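Please keep the structure open while I talk.

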Amino acid sequence: MTAATAFRERTTIDDVTARLLASSAELSYDPQTEVAWDQPIPEDHYGLNPEWSTLYGTRLWSEMSEEQRVLLTRHEVGSIMQTGIWFEMMLQQLILRDQYAKNPADSEFRFALTEIADECRHSLMFARTCDVLGIPKYLPPRLTVELARLLKSTARAEQAYGPILIAEEILDVMQRDWMRGENVVHIVRTTSKIHVVEEARHMKFARAEIIDGLEHASRFRRERSAMLFAGAAYFIVRAMVSPEVYTNVGLDRQRALEEVRTNQHRKAMMRLSCVHLMDFLADAGLLTRRAMRVYQSVDMI
């Protein structure tokens with residue numbers, strides 16, 4: 001690679017991150033003041049739009065009382081938020097490892113630290129939401145947690161940013177609906193709005209880093225990254241709503257899990273939330289046949 005080529009590539013990523021830094025300075029939120037934390041929570045308001053509930057459209061959903069439906073959606077959104085906290089803690093480590101010892105004068109470095117600051121605020125925001133809604137602790141399965149330890153310790157370049165993009169893209173479509181839901185509790189609407197606005201910048205950053213990382217990647221490396229992304233997606237999707245949710249709202253856990261597994265409405269909503277992600281992965285040459293099979297197994301495509 002010539003010095004001129006390296007400079008052009010560096011300028012390209014710097015142009016992207018310089019714009020993102022300007023956007024962050026112009027439009028960012030402080031959840032401590034933006035969210036009406038002390039405003040009463042209406043008893044009949046859902047935790048998320050009912051259409052995004054894992055059981056919506058099932059026979060079990062039709063048998064549930066309205067009070068149970070409200071409670072279920074609050075526990076579901078709490079589980080999703082706590083999975084988000086777990087993942088945001090992991091992605092902060094991924095970004096720090098990738099940016100370690102890079103030039104602090106670069107806009108890429110400065111935006112990376114800006115994103116980490118955003119993620120800290122988001123995690124605190126989600127944690128407080130769960131506290132206000134009275135949601136118990138939900139964590140991904142032990143295997144997922146341990147595999148994530150390996151990922152955050154070994155991922156480099158595009159492999160660090162792929163899982164970040166996947167998690168953020170899936171949540172983005174969901175939260176765009178939640179923030180407009182008139183029958184969704186106000187703190188979920190507001191926190192969703194904050195997350196959508198600020199994560200839009202994070203997704204642009206992740207896409208730019210992935211494209212930059214794959215610029216001169218070999219076929220083997222691209223295939224390996226494609227499978228790593230797909231594997232991360234598999235565990236992220238499966239961890240979003242804990243099986244404990246159904247037990248904690250008074251449902252038969254095994255029956256609930258079986259109805260979720262066969263719920264065609266849930267599968268359609270999941271595919272809807274992944275359309276833009278799949279388009280990007282295809283354009284980047286990361287939607288290989290092997291990877292597609294993994295995405296299909298969790299209804300992302």
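Let me begin with α4, which gives the most to the lining of the largest cavity, with seven residues. Before I go further, this is a predicted model, in which local features need pLDDT of at least 70 and side-chain atom pairs count only at pLDDT 80 or more, while totals for chains, interfaces and linings use all residues. Residues are numbered from 1 along each chain as its sequence is written, and side-chain values use heavy atoms, with hydrogens and water left out.

As for terms, helices (H or I, at least four residues) and strands (E, at least two) are DSSP runs numbered from the N terminus. On a 1 Å grid over the protein atoms alone, a cavity is a set of points where a 1.4 Å probe fits but cannot get out, whereas a pocket is an open set with protein on both sides within 12 Å along at least five of seven lines, and lining residues have an atom within 4 Å of a point. Grid points are joined across faces, edges and corners, and a volume is the space filled by probe spheres set on the points.

The structure holds two cavities of 30 Å³ or more, and the largest has a volume of about 150 Å³. Its lining counts 15 residues, of which T83, G84, F87, A167 and L171 are the closest to the centre. At least two lining residues come from each of α4, α7 and α8 (186-213). By class, that lining divides into eight nonpolar, three polar and four charged residues, where Ala, Val, Leu, Ile, Met, Phe, Trp, Tyr, Cys and Pro count as nonpolar, Asp, Glu, Lys and Arg as charged, and the others, Gly among them, as polar.

The second largest cavity holds about 30 Å³ of space, and its lining consists of I80, M81, F126, L171, Q175 and W178. Here α4 and α7 are the elements that give two or more residues, with the largest share, three residues, coming from α7. Five of these lining residues are nonpolar, one is polar and none is charged.

The contact (heavy atoms within 4.5 Å) is made on the α4 side by residues including F87, L91 and D98, and on the α7 side by residues including A167, E168 and L171. In this contact, 13 residues are nonpolar, one is polar and two are charged.

Two or more lining residues come from each of α4 (66-99), α6 (142-154), α7 (158-178), α9 (219-239), α11 (253-261) and α12 (264-273), and α9 provides the largest share, five residues. The lining comprises 22 nonpolar, five polar and seven charged residues.

The second largest pocket contains about 230 Å³ of space, and among its 15 lining residues the closest to the centre are L147, A148, L151, A232 and F235. To this lining α4, α6 and α9 each supply at least two residues, and by class there are twelve nonpolar, three polar and no charged residues.
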